[in-house]
Amino acid sequence: MTFDNPMGGALVMLEQLDGRSMKTFVTVMEEKSFSKAALKLGYVQSTVTMHILQLEQTLGQALFTRLPRGVELTAAGREVAPFAYRFLQLGESLQEKLTGLQEPKGVVRLRALESFCVPHLPMMLPTLFEQFPHIQLQLETGFQRDIIQEVSAYRVDLGIVPRDPKVRNLTFIPLLADELVWVGAPALVKRIELEGWEAIAQTQVIGFGSRCIYQSLASQVLMTDKGLSTFTEMAFDSTEMLKQTMMCGMGLSLLPVTAVQKELEAGQLLRVASETAIPLEHGLIHRAGKELSAPVEACKSHILAYFSNELHTSRG
């Protein structure tokens, strides 16, 4: 009598998987193009095609759908994506362990809201690079929902978000207490305080677009609490552009206090004092139960220490 080994298929698959094909798969997925992936990896396009074909044969599934311009993941490809990131990250972690280096070295992928990066990271990053000169930080901006998805899918090591996402597979560590307040040019804010919100019903709400949690909350407050159904929205990618537009008197915005602290102190912007602030708690997120690589752990510890010191300094 013979018995089938349930691990047999998995072992064969593991034997046939290789880091080059996984790296090629991730690059094609991110670039959405075989030719762009080849350029980024320094391969000819036929090599990229061969790597993907070998991986598809090993997995027994088509991973990409060819489009008139570029490619997109199939359903199977979307399932493979988080495992491919983990595969590459395990290789990076193993390499770090085997080198025996005392100093953290390697890539750290960090993503945060642009409105958080502008007031906080310029002061933090120099101290990080001074302490860990061999860490290569890949910093990108995004919205809360995107950051949660990227960290959950192993595409990003660390994220900074303005609220605890309360997602089971993520660890949230508080960094900084903040609050959302309505701000605008002094003349506009004073008009609201004197005449009420109805007086500015046609005023534009300035923000980062519908994908931003701040903009969504602003629309909700105006429609539900203020009963305003006729207001327009103006969206920018840049915090600086947003603030300059407000200072010209073109509209109001619901923003974290820390993002407009300097302008408030200078009197260039005013907050609507009659409106109750919405509490925020910016925090660091990473995959729960995942062993962080040496550079990621070092970056995480540095961020936590920096904001702990900032909190103590501001209280002092």
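# Exercises on a predicted model

β5 and β11 pair in the antiparallel sense, over three bridges. Strands count as paired if DSSP finds at least two bridges between them, and helices (H or I, at least four residues) and strands (E, at least two) are DSSP runs, numbered from the N terminus. This is a predicted model, where local features need pLDDT of at least 70 and side-chain atom pairs count only at pLDDT 80 or more, while totals for chains, interfaces and linings use all residues. Residues are numbered from 1 along each chain as its sequence is written, and side-chain values use heavy atoms, with hydrogens and water left out.

## Exercise 1: the strand β5

Solution. Start with β3, which runs parallel to β5 and is joined to it by three bridges. Finally, look at the side chains. Buried means under 20% relative accessible area, exposed means over 50%, and partly exposed lies in between (1.4 Å probe, protein chains only).

## Exercise 2: an enclosed helix

Explain why helix α7 (residues 144-152) is described as largely enclosed by the rest of the structure.

Solution. First, list the buried residues: Gln144, Asp146, Ile147, Ile148, Glu150, Val151 and Ser152. That is seven of the nine residues of α7, so the helix is largely enclosed. Then ask what covers them: the cover includes β3 (106-112), β5 (158-161), β6 (170-184) and β11 (278-287).

## Exercise 3: helices that cross

Work out how α4 (residues 45-59) is oriented against α2 (residues 19-31) and against α3 (residues 34-41).

Solution. Axes are lines fitted to C-alpha atoms, for helices over the stretch in contact, and angles run from 0 to 180 degrees between N-to-C directions. Angles under 35 degrees count as roughly parallel, over 145 as roughly antiparallel, 65 to 115 as roughly perpendicular and the rest as oblique.

Take α2 first. It packs against α4 at an angle of about 110°, with the axes 9 Å apart, so the two are roughly perpendicular. Contact means heavy atoms within 4.5 Å; residues of α2 including Phe25 and Val28 meet residues of α4 including Ile52 and Leu55.

Now take α3. Its axis and that of α4 come within 8 Å and cross at roughly 105°, which makes α3 roughly perpendicular to α4. Phe34, Ser35, Ala37 and Ala38 of α3 make this contact with Gln45, Val48, Thr49 and Ile52 of α4.

## Exercise 4: cysteines

Solution. A disulfide is a pair of cysteine sulfur atoms within 2.5 Å, and a search of the whole structure finds zero. Cys248 is exposed, at 63% relative accessibility, whereas Cys299 is buried, at 0%.
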